[in-house]
Amino acid sequence: MLFIQLIAVFFVIGLFGFGGGAAMVSLIQGEVVAHYGWLTIAEFTDVVAVSQVTPGPIGINVATYVGYTAVVNAGYAPWVGMVGSACATLAMVAPSVAIMAVVSAFILRHRDHWMVQGVFSGLRPAVAGLLAAAALAMMQEENFGNPHTAPRRFVVSVAIYLVTIFAYYRYRPSPIALIAVSGLLGALIYG
């Protein structure tokens, strides 16, 4: 039953996840953490972090790791977790492949039409909203700590967050470098 649920959830996310993998993160979190409870918010944050530093699109990487983690968390052996990874990944990719085959032929033929331009004008703000929702969904106590029970962790987490935003917009380093430096800081401070 879990495998069918994984396929159904990731097929729907793949079908309606406009804006790429980063925009899908909030959709995935809503399903796998809030709705089904396959992962905790802390596990999901770890999955997103690992997905960003591994090669490939983040949405597909998240699907792969969530499929594995959900199955292993359900009590199955790790090799069965790989089946969960395959189910989630293929279900996430299948709608995109099918839709892109059809849509790309249409768009190439009609890209200058006013209605096609209108659709893209409507999708842009929705994608920005989904990206903002993904960022806000990650700003939880599990990721930043609680200022009352763990003030040091909270201050350090907020400082790393703010320095990362500043460094990204001021110096434009590689996101991978920012993630690596943040991870190193976390290991030094908390390890």
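Analyst: A helix here is a DSSP run of H or I with at least four residues, a strand a run of E with at least two, and both are numbered from the N terminus. Serine 157 has its place in one such run, helix α8 (residues 151-171). The model is predicted, so local features need pLDDT of at least 70 and side-chain atom pairs count only at pLDDT 80 or more, while totals for chains, interfaces and linings use all residues. Residues are numbered from 1 along each chain as its sequence is written, and side-chain values use heavy atoms, leaving out hydrogens and water.

User: Why does serine 157 count as buried?

Analyst: Buried means under 20% relative accessible area, exposed over 50%, and partly exposed in between (1.4 Å probe, protein chains only). Serine 157 has 12% relative accessibility and therefore counts as buried. Apart from neighbours within four places in sequence, serine 157 is in contact (heavy atoms within 4.5 Å) with Asn143, Phe144 and Tyr190.

User: What makes serine 51 buried?

Analyst: Serine 51 has a relative accessible area of 1%, so this residue is buried. Serine 51 lies in helix α3. With neighbours within four places in sequence set aside, its contacts are Ile58, Asn61, Val62 and Tyr65.

User: Which residues of α3 are buried, and what do they pack against?

Analyst: The buried residues of α3 are Ile41, Phe44, Thr45, Val47, Val48 and Ser51. They cover an arc of only 160° around the axis, so they lie on the same side of α3; the arc is that of the directions from the helix axis to the C-beta atoms. These buried residues pack against α2 (21-35), α4 (58-73), α6 (114-138) and α7 (141-144).

User: Why is serine 26 called buried?

Analyst: The relative accessible area of serine 26 is 15%, and serine 26 is therefore buried. This residue lies in helix α2. Leaving aside neighbours within four places in sequence, serine 26 is in contact with Leu130, Ala133 and Ala134.
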